[in-house]
Amino acid sequence: MPSIIKCKRFSLIARDHQYDRQMSYLLNKNRSYLKKYLRWLNKNKTFEDTVRTTSNMKLKWEAKEQFNYLLIDKQDNIIGAIGVANINNLDSHVELGAWLCQDKTGCGYMTEAVNKITQVLFSKKIRRIEAECAITNTASNSLVKRCGFQKECVKKEYFNINGKFEDAVVYIKMNPSRKN
C-alpha cells in the first residue's frame, strides 16, 4: 500500500510518530464521543500509549499485516483515521475500520476516505472488503451503505461495548473487476 494517498480535501498518510502528540490530544478531546464504539480507546489514554500504538502499527505495516492511515487536512491536522486489517492474501479480502473526530462528522470526509481506499484496494486486486459495524452505530452503518457496501449478515452479540454485548452488522463490497 502507498504511504500517502491523496484525496480531494485531505491526504491519507501512513501512521507515523510525527503525529503522536496531535493524535493523543485529539483522542482525549473526542474521548466521550468516540468511546461508545472504539473499544481500544480505553487502552490509549496517555501520550506514551499513543507512541506505543504507533510503534505497533508501524511494525504491522512493515510486515504487511495492517495498514493504518491518518486523515490529514490541508493544514496538517488529523481529522480521523482509517485502517485496513485482517488482511487475507490467500483469499484476497480485508477489513476496514475508521473513525472521525466529532467536529468533522457530516461533512463527507469519511465517505471520501472509504471510497478512495476502496479504489486503491481494488486496484491491488483485493476481491472483497468487509466492514463490521455495531448495529446501534447508525453513522457507520450509513457510511458503508453510502459507499456501496451491501449487508451480508448479522453476528449476534458480537461486540462487547462498555460491558454490553451488541450485534454486529457485516457489510461487504466486492471488486467489480474480479475474475473467478
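The questions and answers below go from the sheet to its strands and then to the aromatic side chains.

Mentor: Before we start, this is a predicted model, in which local features need pLDDT of at least 70, side-chain atom pairs count only at pLDDT 80 or more, and totals for chains, interfaces and linings use all residues. Residues are numbered from 1 along each chain as its sequence is written, and side-chain values use heavy atoms, with hydrogens and water left out.

Trainee: Is β6 buried or exposed?

Mentor: Buried means under 20% relative accessible area, exposed over 50%, and partly exposed in between (1.4 Å probe, protein chains only). R128, E130, E132 and A134 point one way from β6, while I129, A131 and C133 point the other way, and all are buried. Seven of the seven residues of β6 are therefore buried, and the strand is largely enclosed by the rest of the structure.

Trainee: Which residue of β8 is the bridge partner of I129?

Mentor: β6 (residues 128-134) runs parallel to β5 (residues 93-100), to which four bridges join it, and V94 stands opposite I129 on that side. Seven bridges join β6 to β8, and these two strands run antiparallel. In β8, the bridge partner of I129 is K173.

Trainee: How many residues lie between β3 and β4 in their hairpin?

Mentor: Six bridges join β3 to β4 (residues 78-88), and the two strands run antiparallel, with N68 standing opposite G83 in β4. In the turn of the hairpin, D76 has a positive phi of about 70°, and the number of residues between β3 and β4 is four.

Trainee: Why is β3 described as largely enclosed?

Mentor: F67, Y69, L71 and D73 point one way from β3, whereas N68, L70 and I72 point the other way. Five bridges join β3 to β2 (residues 10-14), which runs antiparallel to it, and the bridge partner of I13 in β3 is L70. β3 (residues 67-73) is largely enclosed by the rest of the structure because its buried residues number seven of the seven.

Trainee: What is the geometry of the aromatic pair formed by Y158 and F159?

Mentor: Rings of Phe, Tyr and Trp (its six-membered ring) pair if their centres lie within 6.5 Å; planes under 30 degrees apart count as stacked, over 60 as edge-to-face and the rest as tilted. The structure holds four aromatic pairs; Y158 and F159 form one at 5.2 Å centre to centre with 70° between the planes, which is edge-to-face.

Trainee: Which ring does the charged end of R9 sit over?

Mentor: A charge sits over a ring if NZ of Lys or CZ of Arg is within 6 Å of the ring centre and within 35 degrees of the ring normal. R21 lies over the face of F47, at 3.7 Å from the ring centre. The charged end of R9 sits 4.1 Å from the centre of the ring of Y109.

Definitions and conventions: Pairing = 2+ DSSP bridges.
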